[in-house]
Number of protein chains: 6
Amino acid sequence: MRSVVYPGSFDPVTNGHTDLISRAARLFDRVVVAVAQDTGKVTTFSSEERVALVRASVEHIDNVEVVAFSGLLVEFARMLQVRVIMRGLRAVSDFEYEFQLAGMNRRMAPDIETLFLTPAETYSYISSSLVREIARLHGDVSAFVSPQVVAALKERFG
Amino acid sequence: MRSVVYPGSFDPVTNGHTDLISRAARLFDRVVVAVAQDTGKVTTFSSEERVALVRASVEHIDNVEVVAFSGLLVEFARMLQVRVIMRGLRAVSDFEYEFQLAGMNRRMAPDIETLFLTPAETYSYISSSLVREIARLHGDVSAFVSPQVVAALKERFG
Amino acid sequence: MRSVVYPGSFDPVTNGHTDLISRAARLFDRVVVAVAQDTGKVTTFSSEERVALVRASVEHIDNVEVVAFSGLLVEFARMLQVRVIMRGLRAVSDFEYEFQLAGMNRRMAPDIETLFLTPAETYSYISSSLVREIARLHGDVSAFVSPQVVAALKERFG
Amino acid sequence: MRSVVYPGSFDPVTNGHTDLISRAARLFDRVVVAVAQDTGKVTTFSSEERVALVRASVEHIDNVEVVAFSGLLVEFARMLQVRVIMRGLRAVSDFEYEFQLAGMNRRMAPDIETLFLTPAETYSYISSSLVREIARLHGDVSAFVSPQVVAALKERFG
Amino acid sequence: MRSVVYPGSFDPVTNGHTDLISRAARLFDRVVVAVAQDTGKVTTFSSEERVALVRASVEHIDNVEVVAFSGLLVEFARMLQVRVIMRGLRAVSDFEYEFQLAGMNRRMAPDIETLFLTPAETYSYISSSLVREIARLHGDVSAFVSPQVVAALKERFG
Amino acid sequence: MRSVVYPGSFDPVTNGHTDLISRAARLFDRVVVAVAQDTGKVTTFSSEERVALVRASVEHIDNVEVVAFSGLLVEFARMLQVRVIMRGLRAVSDFEYEFQLAGMNRRMAPDIETLFLTPAETYSYISSSLVREIARLHGDVSAFVSPQVVAALKERFG
């Protein structure tokens, strides 16, 4: 069985993430969405909330699991016996950071491969940080995230 | 009457910003410089100070107004009945962030267009954050900002 | 009356170009699409054909003129008494070339300003060269160009 | 059975290509290396030679086939009943072109997905065009390509 | 005697930094590694610790000195009577920030030149921030930093 | 004696090249400008003309020599007993190509180092290819190249 792990902070999950997950679900038998508990930053949502929002956004896709993880991604992937990490690429700045991350992960775990997918172009400009910024200013984010995330952002930013 | 809004945090306004404003003032009947009150970050200058420093730097240009705004930019533009947002592009990293921002603004307000100008190449390397950093270390920033901003930075960083 | 000139080789015009032209037509009183007769390269269509195809693609927009030009763009703009050049930005590589071009044009004609627009994200990946390549291999390009251009490409590549 | 097609001009195949093929061969049951017969450019090696050189470079990998193809890649992939295209990403300029190509392919064939892998960093600077350039100037390319390609380049450039 | 100053925060020094220092030591008679005391951010290691770790990593190279500095780099370089600043370039995002920095330094000190070196490709993906992140999550960083830095990170992150 | 070689096609030399040469001449005892005889492309000027135009542009700088070379740059550098190659960096696209080139040169000649300088920002947008393009269209290039090059371009393009 071919599995892939898709890690991220998902603070919150966007339609761009969901698009990538559904693409991965067609390519692999099993997609594990791995929500980082400890992102090294203050998050808008707790890891439990972030997991719950990803789950609500992908519940229509059969072969997807959503779990929280802590510690190093490559060790988590090994524990799951998954040899493939998936990352999304939207833009050049994504690419550079991802290249560094993939390079260091490859050195720590040469048996694990990182592959990249691009979202549909209609999602190419969506980022979690801009979604949070718009929600903080009480803008309408319903074109960028699922209804559950809209509700959660409204509750958070009043 | 053709109007344009030029938003930013202007913390502080630089000669690069002023160059862009004077270019816009030749292309449009009215330029509204919109200073974000709430930038989501700790700023070196208060929004009142930032507005005052922009005003001092552009007082020689007739068709420019400087105002503070809060909330979403596209809603502020609509309130002003302005259909055009101007942003400066200096570098590739500018471009990527601006592309995301323009994409999300376009989705929220399809009637509002974002256009981009580049500063004179002699200003292409100036950024507010590097100006603050140099001033913090007591360097001479008089080649990068107006005399009023030089004075304000000196007072701030002692 | 505010006018803008939008130069290019348009070999052939794509839906991305048409999107930019319609955006410009809302911002300016008059849009002059300037088709370069001499692009310095072998073109798939003659300049007459390229002009005709742009005209067919924008005939529904009132305030647009399509003309061929030869020689330097900034001199053509001056002859038209147009002070604004518009260029599209899709990607980082666009930006770099455009930055060079805008810089040299600004030095030759400081009175003429270059401004940039981005196409709708759904057109962000379309380029004339990829359209030609797909048509050369007898692929279906009807999602990327107007019906007239589809027909012209079919005739050209058999 | 999971299959992937890896298209390119391979003029000639480099150690960077071979590295990507061996990575793909671990992720997929079957890797089809698709050598473009008609690249739209003058090539140094004929398509038969390019196929033969790829074959010689990957003969130690079991689940790899090397074939020539003409026409549109997405149609070739469909004929093979392969739903996944693999492309290598070394640098930002790669990314931009690949993003355009993937966007246009996705529009023409929404059922086919493009995924990206990065070569080991030790191959990140190798390109077929620089290899050809060095060989043309009689430099030693044995660190960049297989012994068979070294021999073929020597014969070609004397 | 030709001297160069290599400034940075070195929080902590990586094998990529050490590679650049040893390259500089072959090009110049004297290399001054200048560790910024005040980086404007919270650092993982104090400036004394960062200086000590750089020293431990370069003790095998004769013509290298490691010193802490505060204030503006160009003034520090002048005080040392050094006219050349060296910076490393790994990636596009490095390049943009460095271009801004070099531009502003050149304006403040036209007599001082900034030159750039690239690390060996095997170090091109290493960054201090990713090293800190991996160490924080108790990953093995011994492939990226010297044994002394491994020990210091272990002590810091427990 | 510290020497550096600055290679290029210089078709034709621009004020940006001359700026870099004069910067190098202050950092090194001897600067060898190496004009590639065989650039792999059709050039506007012969290698003799290109050498003569570079010489005319740098005759006011004492420690500069201008020579034509053929074959591999690293072998030419070794023959000159020069261990340092200098290249200019204006933009991101420069950087990527230069990174590839430096990587391959380093593999072929680990004893030779490549270093990079940036031109003054006022020259950052000038490229030989745009200069040729403007001259071909009979535009005024006197702000971008030396008087000798202006004359040579006029003669060439009539």
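1. Copies are superposed by least squares on the C-alpha atoms of residues with pLDDT of at least 70 in both. In this predicted model, chain E is brought onto chain D by a rotation of 180° with 0.0 Å of shift along the axis, and the RMSD is 0.0 Å. That is the relation of a two-fold axis. The same surface serves both copies, since 100% of the contact residues of chain E recur in chain D.

2. The interface of chain E and chain D may be described next. Five residues of chain E are in contact with five residues of chain D. About 350 Å² of area is buried between the two chains, and carbon and sulfur atoms give 59% of this area. On the side of chain E that touches chain D, two residues are nonpolar, two are polar and one is charged. Zero salt bridges are found across this interface, and zero residue pairs are in polar contact, counting pairs with both residues at pLDDT 80 or more.

3. Over all chains, the structure holds 64 salt bridges. One of them joins D:Glu113 to A:Arg23, with the closest N and O atoms 3.0 Å apart. This pair crosses between chains: D:Glu113 belongs to strand β5 (residues 113-117) of chain D, and A:Arg23 to helix α1 (residues 15-27) of chain A. Both D:Glu113 and A:Arg23 are buried. A network of salt bridges links A:Asp19, A:Arg23, D:Arg106 and D:Glu113.

4. In chain E, the side chains of E:Glu113 and E:Arg106 form a salt bridge at 2.9 Å, N to O. E:Glu113 counts as buried because its relative accessibility is 3%, and E:Arg106 counts as buried because its relative accessibility is 13%; the cut-off for buried is under 20%. In chain F, a salt bridge joins the side chains of F:Glu113 and F:Arg106 at 2.8 Å, N to O. Both F:Glu113 and F:Arg106 are buried.

5. C:Ser128 lies in helix α5 (residues 128-136) of chain C and, at 15% relative accessibility, counts as buried. A polar atom of the C:Ser128 side chain lies 2.8 Å from the backbone oxygen of C:Pro12. Not counting residues up to four places away in sequence, C:Ser128 touches C:Asp11, C:Pro12, C:Thr14 and C:His17. F:Ser22 lies in helix α1 (residues 15-27) of chain F and, at 24% relative accessibility, counts as partly exposed. F:Ser22 and F:Val64 are 42 residues apart in sequence, and their C-alpha atoms are 8.7 Å apart in space.

Notes
Residues are numbered from 1 along each chain as its sequence is written. Chains are lettered from A and ligands numbered from 1 in the order in which they are written. Side-chain values use heavy atoms; hydrogens and water are left out. Contact means heavy atoms within 4.5 Å. Buried area is the accessible area (1.4 Å probe) that two parts lose on being put together, summed over both. A salt bridge is a side-chain nitrogen of Lys or Arg within 4 Å of a carboxyl oxygen of Asp or Glu. A polar contact is a pair of N or O atoms within 3.5 Å; within protein, one must be able to donate a hydrogen and the other to accept it, and residues adjacent in sequence count only if both atoms are side-chain atoms. Ala, Val, Leu, Ile, Met, Phe, Trp, Tyr, Cys and Pro count as nonpolar, Asp, Glu, Lys and Arg as charged, and the others, Gly among them, as polar. Helices (H or I, at least four residues) and strands (E, at least two) are DSSP runs, numbered from the N terminus. Buried means under 20% relative accessible area, exposed over 50%, partly exposed in between (1.4 Å probe, protein chains only).
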